[in-house]
Each structure stands twice: as structure tokens, then as C-alpha cells.
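User: Could you walk me through the helix packing and the domain contact in this model, and tell me what backs each label?

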Amino acid sequence: MRRQTVRLHSPAVPGPAMTGEWWRRAVVYQVYIRSFADADGDGVGDIAGIRRHLRYLAQLGVDAIWITPWYPSPMADGGYDVADYCAIDPLFGTLEDADALIRDAHGAGIKVLIDLVPNHTSSRHTWFLEALASPPGSTARARYVFRDGRGAGGAEPPNDWMSGFGGSAWERIMEADDCPGQWYLHLFDKAQPDLNWESTEVRSEFEAILRFWFDRGIDGFRIDVASALVKDTAFPEVPPEPAGGGMPDSHPYFDQEGVHEIYRSWHRIASEYVPERALLGEIHVATAERLARYLRPGELQGAFNFPFMRTPLEATALRRVIDETLRTHASVGATPTWVLGNHDEIRQVTRFGRAYTGIRSRPQDERMPSDPTLGARRARAAIMLVLALPGGAYLYQGEELGLPEVEELPDELRQDPLWNGTGHEIRGRDGCRVPMPWSGEVSPFGYGPHGSTPWLPQPTDWAALTAQAEAADPESMLSLYRVALRIRRSLSALDGGPFGWLPSAAGTLLFARAGGFRCAVNFSGATMMLPSGRSTILASAQIEGDALGSDAAAWFHEAAGQSR
Ligand code: GLC
């Protein structure tokens, strides 16, 4: 193969080394606390469990952890139903444990992000209990979205909005006189009433919550359902999905213009701190341009790149979504992020082993046959793509071990509200939340003390997938992640530097970063020829001579001897 010259596009934003804005390149590891490590043996992960594995995280080479909600909660949605935002659920530990974790993590060079759930509280939050006990029109009700019903006696819900977990998004309550009364909005489970962000009290309460945690030393927040806080107060029906899927351009509760002012006020608070704290949004909107509006200066510093996560492993589609991401983020001076999985999605090893490797909707994507060996091979290639792209990356616990989706859970143990909410039509998200295997030959595989029973059963064949077993195997997924992360840290080419595509055969991707760094990704089904003068840095699969097999990726320098 002839050596090519390539014009690299200069980055729209400077690298983190130049600005100290760590989030611009950070690899953030998502800790799903219930399933990470259970120090006290009650079957549920806890803060002490995270502290025990900080060394593992430091060795893995991540810059930050994002811990899913740890607040007091009835756990109707795994903790995304918060009863008190300024405390820790006893299941997970105490505020002192949280302080100790923040201190230890910082000592290990790891930043700590926590999950903020501002769209809804738990139905056991004191505010909601007060709202139930107060009359229609009261200030207590005004913190939530209460409305009278339609039809005779108000017996019909106020509109046709649907809950994300199935059924109507409205629940009727009994008033003090024991008669059916008003309805409240819950975009998720009925145990998760939506807050009313028109209320100034709600706004100031959340500003106080931000300060509470920033003062304790956390480095930032991941913001749950960040684009849904503000509702169209006329409560119109949701327009139909556009042909081809996705979200309608104008939606009554996603991406309302008013939501930006909330993030501008939060940004002002975050920037009062030194170093500035980060705000990362879980944002679902219609287009990449709409997403970028949340990342304008003075709003959020980052957002999960869900369009990338949903894209199947096909070169043309990947190139399109990467270009769109780079273009729209550059237009506002923001840094892109790349993500393959999280606690809401089917694990990538399983997804990538299927005929369709992208994400559509659960009823379509669940229950398709999967080849786990092919899935793992593709997952190795995909993470090398992710870690070579400009910007930050999110990892979800267990992906570094190549954990598959656990599809065969006993139905009676399933806890995801999606399972019951959809009348068992959708299995739900428990399969990607099975507790981590750390060591040993049998469950709990070091997740909890010997003899303890994890809250979801671990497959008996996970002995080969424990962190201990994989650390000892240079060919394992864990070894690949560790080496790739180490190289990523050490290569200044990947530090916010330029990016440019090189010509490559159909079904493959080839791109350049500074200093002659190249990333080749092959999803073509055929062999991809790499330049023979190259010096290979890392490959997801054996390279035969110059031939990179299908479903594989390689990092190399353009020519032997070229400096890094
Ligand atoms: C987010 C979380 C998800 C949760 C939902 C409701 O999408 O990632 O796990 O169920 O919000 O809080």
C-alpha cells in the first residue's frame, strides 16, 4: 500500500493538556453501584465495595467514575427514584463512606461524578407525601405536575402521554375525602412523579443540592433525563414519530427551549468552584444540532453520544455519525464523547454478535440470536475505534471484561419496572446489570463475601470472565482495555489533536491523528490491507502480515521509526 498524505483538520477546541479541562479527553467509567461490589454481603453493591476496587480502576486507567444514584430510595427503578437528594441509602453506606470514597478516589487520581435525577423524585420523597396530603392548587402540589382529569368526573387522564415504562404517564390519586381526585404526571414509573420545573422552589432546591455535593468534593454530575425537565404547559399530544423513527422535531416534553436556562444557572454554580465542576447530560433530542445546543459555552460540558451508540457496526453509518458528531460539537466549541453501552442497553458483546448490531427498540432487539465469540471480537474492535476518536469516552462496568447480556434470568427475579410495566412484553434492563465477577470459580465470584447471594444471579460460567482470570491472560478483553487506555494516555496525538479520514476500502475505516498515528477498523467481511511500512501499536486481533481480518481494528504509526 502506498503511503498517503493526509490533511488533518485542526481541532475546534484545544486539548485538555492546554486548558486543564479534564473532561475534554476523560475516560469515564460508569459504576452501577448495586452491581459493582458488595462489601457487607447483603447481596447489593455498596460504597465500601467501590473503595475496595479503586486500585483496579486506577490500573485500568480511567480518569473518572460516574456512580449511579446512591441516595435513599425505595428502589422502584434501581435508585432513579430518589427520596432524599442529600443523603446516602443505608443499603450503600453513609455520607461518611461517600466522603471517604471521594477522598480515596482523588488520592488514586480518579475524579468522581455522581448521578443527579432532577426530572422526578420518588413517590416517597417528603415533597410528594406533602403534595398528596395537600389540596389541589396548594404550593405543595405546585412542586409536581398535578392536573384535573378529562371527561365525566375527571375520570380520564389529562392527556395521552405515555410512560417510558408502559401505560399512561398519569396516575390518579385519592383526595383527603377518599374520592378519586387529580392526576399526577410520571414520565417513568408511577413511583417517579415528575417535578414541576416552572416552580422557583424546585429550581432553588436543586441549586442547593448541586452545592451540597460540590462542597463535599465531587467533580461533577451526570444529569438523568436532562432534556425532559421542562414541559409544554399546554400539555399537547405528542406528535407521531417521523417516518424512519426517532423523535419529532417539536416535542411537548423533550428538548423544550426553557430547559437551557436551567443548565445556564447550573453552569454558573459549577464554575464558582476551582477546578470548575463538570455537568454531563443524558440527552435525548431529535438531531445532532439540537444536542449541540446543550453544549454551548455556559451550559453543559458534555453529553452522551447516543446516536453513535445506536449506530450499527457498518463503516458508512459509523463514518456518517462520527462526522456529524465532530461537526456539530465543533460548531459550539464542545468536545465529543463516545459510548458503546450503559445500564439501560443490551451489553455490546451480545448486541455485536447479532445480525443487527445497532440499537432500535427493545421489543425489536431482545431475543435475537447472538454469537458471543463474534460479539466479543467486534467489541474489541469497537473499543479501539472509540478510544482513538477525539474527545472523551464512557465505559460501562463489566464491558472491560466482555460481559454478555444475561438473557436467561428467572422471571420472578427481574426487577426492572419495564418488565412489569409492559406486561412482560419487554424483558428489560436487568440482563446488563448482573453483579460483576471479580475472582474465583463460583458465584458470587468475589462480588460479595463467600456464601452471599447477589441480588441478581450470576451465570455459572462466568469464572473465565472474572477480573482476576482476565488480568492473568494477555489476550483477554481486560488486557486489551488496559493496554489501550495506557497507550491513549501516553500518546499526545490523542490529546485533543487533529483528526482526518484516509481513503480505505468499502466496509472499512481509516483515520489519522497527529504524529502519524493511524486507526484502521475493518467491518467489511473481508481482509483489509494495512501499509507494510507501518509500526503497529496495538491490534484487536492477530494481523497476518499486512492483513487485518474482518471485525478487527489496529492502531499503528504511518511508517516504522516515526516518533510518537
Ligand atoms: C435514565 C436512566 C434510567 C432510568 C430513567 C428514569 O434514562 O438512565 O436507568 O430508568 O432515567 O430515571
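Analyst: Here's a quick run through the labels and the values behind them. This is a predicted model, where local features need pLDDT of at least 70, side-chain atom pairs count only at pLDDT 80 or more, and totals for chains, interfaces and linings use all residues. Residues are numbered from 1 along each chain, and side-chain values use heavy atoms, with hydrogens and water left out.

User: Why is α7 called roughly parallel to α8?

Analyst: Helix α7 (residues 200-215) packs on helix α8 (residues 259-270) at about 30°, with the axes 10 Å apart. That angle makes α7 roughly parallel to α8, because angles under 35 degrees get that name. The axes are lines fitted to C-alpha atoms over the stretch in contact, and angles run from 0 to 180 degrees between N-to-C directions.

User: Which residues of α7 meet α8?

Analyst: Contact means heavy atoms within 4.5 Å. Arg 203, Phe 206, Glu 207, Leu 210, Arg 211 and Phe 214 of α7 meet Ile 262, Ser 265, Trp 266, Ile 269 and Ala 270 of α8. By class, that contact has 7 nonpolar, 1 polar and 3 charged residues.

User: What is the area buried between domain 1 and domain 2?

Analyst: The chain is divided into domain 1 (21-121 + 199-480) and domain 2 (126-185), with bounds from an automatic or database domain assignment. They bury about 1400 Å², with 62% from carbon and sulfur atoms; buried area is the accessible area (1.4 Å probe) lost on being put together, summed over both parts. Glu 201, Phe 235 and Glu 237 supply 38% of what domain 1 buries against domain 2.

Methods
Helix = DSSP H or I, 4+ residues; strand = E, 2+ residues; numbered from the N terminus. Parallel < 35°, antiparallel > 145°, perpendicular 65-115°, else oblique. Nonpolar A, V, L, I, M, F, W, Y, C, P; charged D, E, K, R; others polar. Buried area = accessible area lost by both parts, 1.4 Å probe.
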